[in-house]
Number of protein chains: 2
Amino acid sequence: MTTDSPNATPRAQPKQGSVVISVDAMGGDRGPAAVVAGMALSAVKNPEIRFIVHGDHDQLHALIQRKRELAGRCDIRHADGVVTMEDKPSQIVRKGNGTSMWSAIESVKQGEAEVAVSCGNTGALMALSMLRLRKLPGVNRPAIACLWPSRNPGGFNVMLDVGADIRADAPDLLQYALMGASYARNGLDIENPRIGLLNVGTEEHKGRAELKQAHELLTASAEAGNFRYVGFVEGGDLPSDRVDVIVTDGFTGNIALKTGEGTAKLVGDFLKDAFAKSIMSKFAALLAMTSLRRLQKRIDPRRVNGGIFLGLNGTVVKSHGSADATGVSAAIKLAFQLTKSGFQDRLAARVAQGAAALPKAEDSGEAAS
Amino acid sequence: MTTDSPNATPRAQPKQGSVVISVDAMGGDRGPAAVVAGMALSAVKNPEIRFIVHGDHDQLHALIQRKRELAGRCDIRHADGVVTMEDKPSQIVRKGNGTSMWSAIESVKQGEAEVAVSCGNTGALMALSMLRLRKLPGVNRPAIACLWPSRNPGGFNVMLDVGADIRADAPDLLQYALMGASYARNGLDIENPRIGLLNVGTEEHKGRAELKQAHELLTASAEAGNFRYVGFVEGGDLPSDRVDVIVTDGFTGNIALKTGEGTAKLVGDFLKDAFAKSIMSKFAALLAMTSLRRLQKRIDPRRVNGGIFLGLNGTVVKSHGSADATGVSAAIKLAFQLTKSGFQDRLAARVAQGAAALPKAEDSGEAAS
């Protein structure tokens with residue numbers, strides 16, 4: 001899959017006191033204006049942020065000039081090409097050189113930025129990230145992790161993989177657990193995260209063969225991995241306070257993620273319909289405005305915006321294709337937090353440690369199954 | 001799996017003008033009182049319904065006597081045993097003779113009732129149904145279908161399989177499509193249902209190998225099967241008006257179902273929190289009471305209560321374990337509708353026709369993939 005030389009490029013350290021984020025400004029459904037507006041929102045909140053912005057120079061220059069809060073904080077890198085939502089990942093891997101997405105990832109590869117943010121085509125972004133950043137030593141399948149509104153004190157659970165790969169074997173699921181735990185510790189400040197394995201029932205005899213095997217692996221690895229393993233969880237547990245990190249294969253995770261989003265949107269639409277029904281209910285909606293806004297904020301997908309690619313030499317944050325300024329800003333905030341916490345190095349250390357422990361854990365898994 | 005003689009028992013016709021439903025009154029989380037209360041609700045609405053009720057005779061007799069609307073309409077069959085939620089299906093298959101669940105299915109097998117309803121353990125109910133009713137000729141894997149609140153004119157989509165079997169090959173997915181289409185025609189009055197195949201993307205190159213093969217099979221079989229095939233659909237399409245019947249394997253379907261239920265419940269709880277926040281919002285909630293009740297009715301899982309087991313010699317309706325009288329009554333209503341429409345015979349004919357067409361369709365699928 002990769003045409004790259006195996007020699008790792010030494011990382012340039014970013015300027016002291018500043019966090020550099022590489023942003024692909026093209027390829028989202030709302031175009032570069034929404035992305036630049038999101039950058040401006042983040043710039044106000046976090047004075048340490050600087051951006052390397054990739055895309056059409058003239059267009060970006062004009063947009064950035066209009067935002068005073070971005071003055072002197074953006075480095076524009078011109079790229080002619082744009083990866084569209086229709087492009088196939090395999091095409092982009094062969095011919096994507098020259099696109100803003102490729103360029104944004106290249107900045108991470110060259111060590112100019114520690115993290116890249118893009119609203120573009122997920123499949124292409126993953127394929128390019130794999131090609132240019134390469135997998136972390138010890139990682140077999142990288143994963144995409146997302147946040148899920150929940151009843152946890154922090155308000156969110158983590159789920160992975162939500163679509164990097166449609167397959168996952170038991171050792172892959174163990175790696176997802178280690179990566180998800182590291183993300184929960186550094187991105188969500190959960191010291192000793194609770195990990196659950198998504199299945200069709202909580203009894204030990206349920207589910208597919210690889211899940212039974214992963215169940216043994218996770219049980220054996222919890223202590224060394226610094227997480228608590230709570231066993232199998234079901235779809236209904238995704239927003240629960242039983243678990244902090246939900247581990248599953250990318251096929252199931254993607255279906256669950258989109259089902260959850262679709263259901264929340266359906267209920268929201270039904271709620272709007274209900275309030276629009278009569279004069280009385282319209283008046284009630286007016287009175288309840290503050291409460292309804294509070295609700296909307298809790299389940300607003302824009303505020304949990306940002307799937308993270310885990311398991312590569314560098315962090316990539318995938319924002320929703322339809323993200324507006326608020327959504328882009330949420331994705332940038334996540335990228336900023338993770339960089340500040342030194343997430344990338346910690347994750348790499350954790351995965352290396354897990355890979356070293358794996359053969360032993362795998363043996364015990366097979367013996368027990 | 002079956003210890004049964006292969007000779008089909010000839011069906012006794014139910015009394016003219018009446019629809020007989022076999023009800024397992026035990027094994028639900030709320031006990032027989034909730035089940036009998038649900039029967040009473042249904043009895044008022046549908047004067048043609050009669051019941052054969054299975055469980056502890058004395059307990060049931062006392063409960064039924066208290067409901068005037070059930071007078072003269074129930075036939076009690078004593079059964080000592082109860083299948084609990086903790087019982088493993090394999091144990092029940094070996095030792096379940098004498099339980100109310102076994103007895104309820106036996107009434108369908110003997111032709112005394114055309115459909116059975118139970119709130120009990122899903123795995124055990126499926127195992128017993130397979131054992132006693134046996135699979136319809138031409139069916140490889142029976143499936144559980146559920147209703148899903150949606151933006152469709154009728155308000156519901158159908159999804160299957162939601163948990164009968166954790167595996168499904170391409171020909172199984174085709175059978176699910178045929179069975180789901182038959183259910184949509186007879187249970188939801190949709191003449192020419194739109195079928196979609198659940199996947200992680202709508203592009204033809206996406207997803208697992210069996211999905212690509214099923215895509216070819218469904219494309220080739222749509223005309224003969226009297227359905228419209230709309231191609232791949234995603235998790236976000238489950239409540240959409242793009243599709244009437246969503247076909248998937250039982251692992252993915254079960255995760256999606258429970259994720260959707262869990263998300264709707266989360267949003268509902270958040271809504272309650274939001275309205276309880278201030279005096280103003282409490283007053284608003286009071287004003288909006290009618291609208292909120294309307295919303296609750298639209299997404300109330302009790303009103304879409306009833307997973308249907310398809311692909312057996314007889315129909316079995318699985319009600320939620322936690323169903324109250326409203327939930328049980330919804331499950332009975334579904335059982336009643338399907339019986340009235342002659343669903344079982346139509347489904348059998350459709351599956352037989354599909355099985356006959358399958359080798360041809362499969363060839364074309366393999367040639368194209």
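## A walk around strand β7 of chain B

Start by selecting Leu197(B) and Val247(B): Leu197(B) stands opposite Val247(B), which belongs to strand β9 of chain B. Before you go on, keep in mind that you are looking at a predicted model.

**Stop 1: the neighbour β9.** Now widen your selection to β7(B) and to residues 245–247 of chain B, which make up β9(B). The two strands pair in the parallel sense, with three bridges between them.

**Stop 2: the neighbour β8.** For one of the contacts, pick Arg194(B), whose bridge partner in β8(B) is Arg228(B). How does the chain get from β7(B) to β8(B)? Select residues 209–225 of chain B and you'll see helix α7, which the chain passes through on the way; this β-α-β crossover is right-handed.

**Stop 3: the side chains of β7.** Select residues 194–198 of chain B and show their side chains. Which way do they point from β7(B)? Arg194(B), Gly196(B) and Leu198(B) go one way, while Ile195(B) and Leu197(B) go the other. Both groups are buried. Since five of the five residues are buried, the strand is largely enclosed by the rest of the structure.

Stop 4: Jump to Asn226(B), which sits in the loop between α7 and β8 of chain B. Check its backbone: phi is near 60°, a positive value in a residue that isn't glycine. Is Asn226(B) buried or partly exposed? Its relative accessibility is 29%, so it counts as partly exposed, because buried would mean under 20%.

**Stop 5: over to chain A.** Select Arg134(A), in the loop that runs between α5 (122–133) and β5 (143–149) of chain A. Arg134(A) isn't a glycine either, yet its phi is positive, at about 65°. With a relative accessible area of 26%, Arg134(A) is partly exposed.

**Stop 6: two cis peptide bonds.** Staying in chain A, zoom in on Leu160(A) and Asp161(A): a cis peptide bond joins them, and omega is about -5°. Asp161(A) is in the loop between β6 (156–160) and α6 (170–188) of chain A. To finish, hop back to chain B and select Leu160(B) and Asp161(B), where the peptide bond is cis, with omega near -5°. You'll find Asp161(B) in the loop between β6 (156–160) and α6 (170–187) of chain B.

Technical notes: Residues are numbered from 1 along each chain as its sequence is written. Chains are lettered from A and ligands numbered from 1 in the order in which they are written. This is a predicted model: local features need pLDDT of at least 70, side-chain atom pairs count only at pLDDT 80 or more; totals for chains, interfaces and linings use all residues. Side-chain values use heavy atoms; hydrogens and water are left out. Buried means under 20% relative accessible area, exposed over 50%, partly exposed in between (1.4 Å probe, protein chains only). Helices (H or I, at least four residues) and strands (E, at least two) are DSSP runs, numbered from the N terminus. Two strands pair if DSSP finds at least two bridges between them. A crossover is right-handed if, with the strands pointing away from the viewer, the path from the first strand over the helix to the second runs clockwise.
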